[in-house]
Amino acid sequence: MNFFKENIRIAVFSIQTNLMRSLLTMLGIIIGVSSVIAIITIGNGGRDFIVGLVRDMGQNMITISVNHNRVDASQMISRRDISSIRAMENVRHASPQMFSIGSFTSSQHEGMAVALAGNSDLQHVLGLQVQSGHFFTEAEYLSEMPVALIPTAGAMAFWGHTNVIGQRVQFTVGGQTETVRIIGIADFAIAAAGVGGFLDGGDDGGGPLDGLLGDIGGPLGGDAILVLYMPSSVIHRMTGGAGTYDNLSIIADDERNLDAVGSAAVNHLYITHGNAGSGAYTAVNMASYIDLLDSVINVFTLFIAGVSAISLVVGGIGVMNIMLVSVTERTREIGIRKALGAKTGTIMMQFLTESVILCLIGGTIGFIIGVAIAAFVAWFMGIPIAMAFTTVAIAVGFSSAIGIFFGIYPARRAAKMLPIEALRRE
């Protein structure tokens, strides 16, 4: 125990004696460790946030898609198909999803409009939370009522307030115009729950999702975008559609029943349309995309962290260089210690201890800086900070490994000096 204490004391004294040189030597280690820690922490937090977001939006959901190359118009998903599937065991909600781009005019504004349409279950499929008013009912869907809900940020952008229920806009798509009455305000339930400014842009409503869907609009090709959540039956009437769909999103009552629900829905479509074995319908479990997304983000994070770790190698070379200089400066000290009976292993351990302590101090500083950077970025992006024990182990392990690896050669060189030759040097 005294042997290790003495080695540590000598190492600390040597570092203090050449403080500026030691700090500059540690700089490479500090930069390397802080970069790796920040990237891994931000990557883990971003992964947890994105995967959690996708999982919440696609929880218990399976999507049925139609292969257009293997069906004709009569074999698309019909309203009757959807009604039958909604009545199946273990099915909680089922809605098609339509996406139409058009334009709108109101008494005060005009611009681009995007309609996200489906039946009355669209609210649950998209994960919408009604803030005021009501979501359109199945009766309004079946009777093709021209009604719609808009996001909070859209109401604020175009009317300056959210008291817009009863307002009417002229919505034009496919060359046809329909007077649409606003019956409610709806936002994504995840954003409404306050899951970070990254999703909803915080108080100013300027998050990436808002920008993507045009909630807050802003210039896009010279126009602002208004999002309309409305019955797909209205879109069919305006565009002259046949009232059929090429997709259907199904929410099961339990995640364990997803595959069974998907198989039952696909089998129902094959039996109803008499095209079994054609490969016309495909069920896709959203959980498979979540696992894939998780893997992709992990690989990407590790790749960037690996690139950043190159600076650790550069820092290690700097440590080895300084330790060689230290060996040269302390040649007479080494000679005296060996002349007094110090063993080769003792001399080697002394310099190796100094190298490891140098790297551990640099690693600790780098770890603190890395965590601070990660915390700031996480706060700025509105994502959780995910600090795992493995991250701490990486910081300590990398620092120690570099100190040992790059300190071995200088330590061996010092230990192998002959006492008479060491004492002979000035």
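Student: Which residue in S8 does valine 147 stand opposite?

Tutor: This is a predicted model, in which local features need pLDDT of at least 70, side-chain atom pairs count only at pLDDT 80 or more, and totals for chains, interfaces and linings use all residues. Residues are numbered from 1 along each chain as its sequence is written, and side-chain values use heavy atoms, with hydrogens and water left out. Strand S6 (residues 147-150) pairs with S8 in the parallel sense over 4 bridges; strands (E, at least two residues) and helices (H or I, at least four) are DSSP runs numbered from the N terminus, and two strands pair if DSSP finds at least two bridges between them. In S8, the residue opposite valine 147 is arginine 181.

Student: How many residues lie between S7 and S8 in their hairpin?

Tutor: Strand S7 (residues 168-173) runs antiparallel to S8, and 6 bridges join them. Within this pairing, glutamine 170 has threonine 179 as its bridge partner. Glycine 174, in the turn, has a positive phi of about 60°. The number of residues between the two strands of the hairpin is 2.

Student: Why does serine 120 count as buried?

Tutor: Serine 120 is placed in the loop between strand S4 (110-118) and helix H4 (122-126). Buried means under 20% relative accessible area, exposed over 50%, and partly exposed in between (1.4 Å probe, protein chains only). Serine 120 counts as buried because its relative accessibility is 14%.

Student: With which side chain does the side chain of serine 120 make a polar contact of 2.5 Å?

Tutor: A polar contact is a pair of N or O atoms within 3.5 Å; within protein, one must be able to donate a hydrogen and the other to accept it, and residues adjacent in sequence count only if both atoms are side-chain atoms. The partner at 2.5 Å is the side chain of glutamate 138.
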